[in-house]
Amino acid sequence: MTWRCDHHEDPFECPDILVRFDTRFQEYGLIIHDGGTSTIDIAFCPWYGSRLPVSQRDR
């Protein structure tokens, strides 16, 4: 989650960045690379299957 692209400042523009972490809400999401800034929230790690921290959006 700390990797930075040398060619793209915006993670939504980089095809190599697949997962985004929103520090404000403590949420993980898969980036939808369609030119926008959409993500699909995920509750489990796509590689290890472990549960990710619960979103703090409702707090």
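Visitor: Where is L52 found?

Guide: Strands are DSSP runs of E with at least two residues, helices are runs of H or I with at least four, and both are numbered from the N terminus. L52 lies in the segment after β3. This is a predicted model, where local features need pLDDT of at least 70 and side-chain atom pairs count only at pLDDT 80 or more, while totals for chains, interfaces and linings use all residues. Residues are numbered from 1 along each chain as its sequence is written, and side-chain values use heavy atoms, with hydrogens and water left out.

Visitor: Is L52 buried or exposed?

Guide: Go by relative accessible area: under 20% is buried, over 50% is exposed, and in between is partly exposed (1.4 Å probe, protein chains only). L52 has 15%, so it is buried.

Visitor: What does L52 touch?

Guide: Contact means heavy atoms within 4.5 Å. Not counting residues up to four places away in sequence, L52 touches Y28, I42, A43, F44 and C45.

Visitor: How many helices and strands does the chain have?

Guide: There are 0 helices and 3 strands, giving the pattern β-β-β along the sequence. The C-alpha atoms fill a box of roughly 35 × 25 × 20 Å along the principal axes, and buried residues make up 20% of the 59 residues.

Visitor: Which residues form the largest nonpolar core?

Guide: In soluble globular proteins, nonpolar side chains tend to be buried together. A core here is a set of buried Ala, Val, Leu, Ile, Met, Phe, Trp, Tyr and Cys residues joined through side-chain atoms within 4.5 Å. The largest one has 5 residues: C5, F12, C14, I17 and I31. Take F12 from that set: leaving aside neighbours within four places in sequence, its contacts are R20, I31, H33, G36, T37, S38 and T39.

Visitor: Where is T37 placed?

Guide: T37 is in the loop between β2 and β3. At 58% relative accessible area, T37 is exposed.

Visitor: How many salt bridges does the structure hold?

Guide: Look for a side-chain nitrogen of Lys or Arg within 4 Å of a carboxyl oxygen of Asp or Glu. The structure holds 2. In one, R20 meets D22 at 4.0 Å, N to O; R20 is partly exposed at 32%, while D22 counts as buried at 16%. In the other, R57 meets E27 at 2.7 Å, N to O. That pair links distant parts of the chain, 30 residues apart: R57 in the segment after β3 (39-42), E27 in strand β2 (residues 27-31). R57 is partly exposed at 44%, whereas E27 is buried at 8%.

Visitor: Which ring does the charged end of R57 sit over?

Guide: The test is NZ of Lys or CZ of Arg within 6 Å of the ring centre and within 35 degrees of the ring normal. R57 has its charged end over the ring of F25, 4.1 Å from the centre.

Visitor: How many aromatic pairs does a search of the whole structure find?

Guide: Rings of Phe, Tyr and Trp (its six-membered ring) pair with centres within 6.5 Å; planes under 30 degrees apart are stacked, over 60 edge-to-face, the rest tilted. The search finds 1 pair. The centres of the F21 and Y28 rings are 4.5 Å apart and their planes are at 45°, so this pair is tilted. F21 itself is partly exposed at 27%.
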